[in-house]
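Visitor: Please take a close look at one part of this model for me. I would like to follow how that part packs against its neighbours.

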Amino acid sequence: MKNCPYCKIQVGGDLKKCPFCQSKMVGEAEERYFPTQTILKIQSFFYKLQLFIVWILIIAALGIDFLFGLHPAAFDGPFEKIHWSLLVLMWLLAFEFGIIRLFKRGMSPSRILSIFVVVVMIMLMVTAYYMGFIRVVVYWVLPNIVMATMVANFIFAMIDKSGNSMAYLLTNVLIGILPYIAFYIFQKNCPIEWIICLLVGFVLLVGAIIFKGREVVSEIQRRLSV
């Protein structure tokens, strides 16, 4: 058993430093009391590695843009005054936000996916606005992203074993209806792509209720205490 010469305490296991004063422990080590968290150490290493790479890219982009004044050909003409490194910074920070959500415990796959998709959609719209292809993104790219998200949530609902099918179903309903409502309020009509997206959302909702109906009813009773 190891002991601390300053705190005058004995500690079992193989600790190298005193848990109180952090001084070096003396004595013979014993068998570890707790297992080594190998998986957490590997996850921590890869998280720090990707964070280091992200900061390298951020610093390089800001330096090339602001210090050297180099601009890609895509930013010539009307976009020449745009600092492209700020868009790179925005995307890398969004990527880092997604990684943090991914490593955070206690979050359902549906919530992680929905948050990440919303962030990506916002980044796409901002980038498209400054690059000049906002209509392509709004009318073609975003509907496909939303439909892919709804399909993924449908799959999550099918394989769910924790009694959280309602979260996936409600997410599908919201991401299918909200764009339609927004278009109707601001433009009084909705593009065909978003109408198809809305219909796909209802089809997947009906399919999930048909295949998981009993589980959904049980979950509603459990959540409402009825």
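Guide: Start with directions: angles under 35 degrees count as roughly parallel, over 145 as roughly antiparallel, 65 to 115 as roughly perpendicular and the rest as oblique. Axes are lines fitted to C-alpha atoms, for helices over the stretch in contact, and angles run from 0 to 180 degrees between N-to-C directions. Helices (H or I, at least four residues) and strands (E, at least two) are DSSP runs numbered from the N terminus.

Residues are numbered from 1 along each chain as its sequence is written, and side-chain values use heavy atoms, without hydrogens or water. The model is predicted: local features need pLDDT of at least 70, side-chain atom pairs count only at pLDDT 80 or more, and totals for chains, interfaces and linings use all residues.

First, the setting. The protein has 6 helices and 2 strands. From the N terminus, the order is β-β-α-α-α-α-α-α. Of its 226 residues, 34% are buried (under 20% relative accessible area; exposed is over 50%, partly exposed in between, with a 1.4 Å probe and protein chains only).

Now to α3, the part to watch. Helix α3 has 23 residues and spans 32 Å from its first C-alpha to its last, close to the 33 Å expected at 1.5 Å a residue. That expected span is 1.5 Å times one less than the number of residues. Its buried residues are Ser-110, Ile-112, Ser-114, Val-117, Val-119, Val-120, Met-121, Met-123, Leu-124, Thr-127 and Ala-128.

Pro-109 also lies in α3. Pro-109 is partly exposed, because its relative accessible area is 38%. Ala-152 is 43 residues away from Pro-109 in sequence, yet their C-alpha atoms are 9.6 Å apart. Just after α3, Gly-132 takes a positive phi of about 95 degrees.

On to the neighbours. α2 and α3 pack at about 175 degrees, with axes 10 Å apart. The two helices are therefore roughly antiparallel. A contact is a pair with heavy atoms within 4.5 Å. From α2 come Leu-87, Met-90, Trp-91, Ala-94, Phe-97, Gly-98, Arg-101 and Leu-102; they meet Ile-112, Ile-115, Phe-116, Val-119, Val-120, Met-123, Leu-124, Val-126 and Thr-127 of α3. By class, this contact has 14 nonpolar, 2 polar and 1 charged residues. Here Ala, Val, Leu, Ile, Met, Phe, Trp, Tyr, Cys and Pro count as nonpolar, Asp, Glu, Lys and Arg as charged, and the others, Gly among them, as polar.

Next, α4. The axes of α3 and α4 come within 10 Å and cross at roughly 175 degrees. So α3 and α4 are roughly antiparallel too. On the α3 side, the contact uses Pro-109, Ser-110, Leu-113, Ser-114, Val-117, Met-121, Leu-124, Met-125, Ala-128 and Tyr-129. On the α4 side, Ile-134, Val-137, Val-141, Leu-142, Ile-145, Val-146, Thr-149, Ala-152, Asn-153 and Phe-156 take part. The class count is 16 nonpolar, 4 polar and no charged residues.

The largest one has 21 residues; Met-121, Leu-142, Val-146, Met-150, Phe-183, Trp-194 and Cys-197 touch the most other members. Elements giving it two or more residues are α3 (109-131), α4 (134-159), α5 (165-187) and α6 (192-224). The largest share, 8 residues, comes from α4. Take Leu-142: leaving out residues up to four places away in sequence, it touches Met-121, Leu-124, Met-125, Val-137 and Trp-194. Apart from this core lies another, of 5 residues, including Leu-87, Met-90, Ala-94 and Met-123. In soluble globular proteins, nonpolar side chains tend to be buried together.

Helix α1 (residues 38-67) and helix α2 (residues 84-103) pack at about 170 degrees, with axes 9 Å apart. They are therefore roughly antiparallel to each other. Their contact divides into 19 nonpolar, 3 polar and 2 charged residues. Buried in α1 are Gln-50, Val-54, Ile-58, Ala-61, Gly-63 and Asp-65. The buried residues of α1 pack against α2. α1 has 30 residues and reaches 43 Å from first C-alpha to last, close to the expected 44 Å.

Terms used: A nonpolar core is a set of buried Ala, Val, Leu, Ile, Met, Phe, Trp, Tyr and Cys residues joined through side-chain atoms within 4.5 Å.
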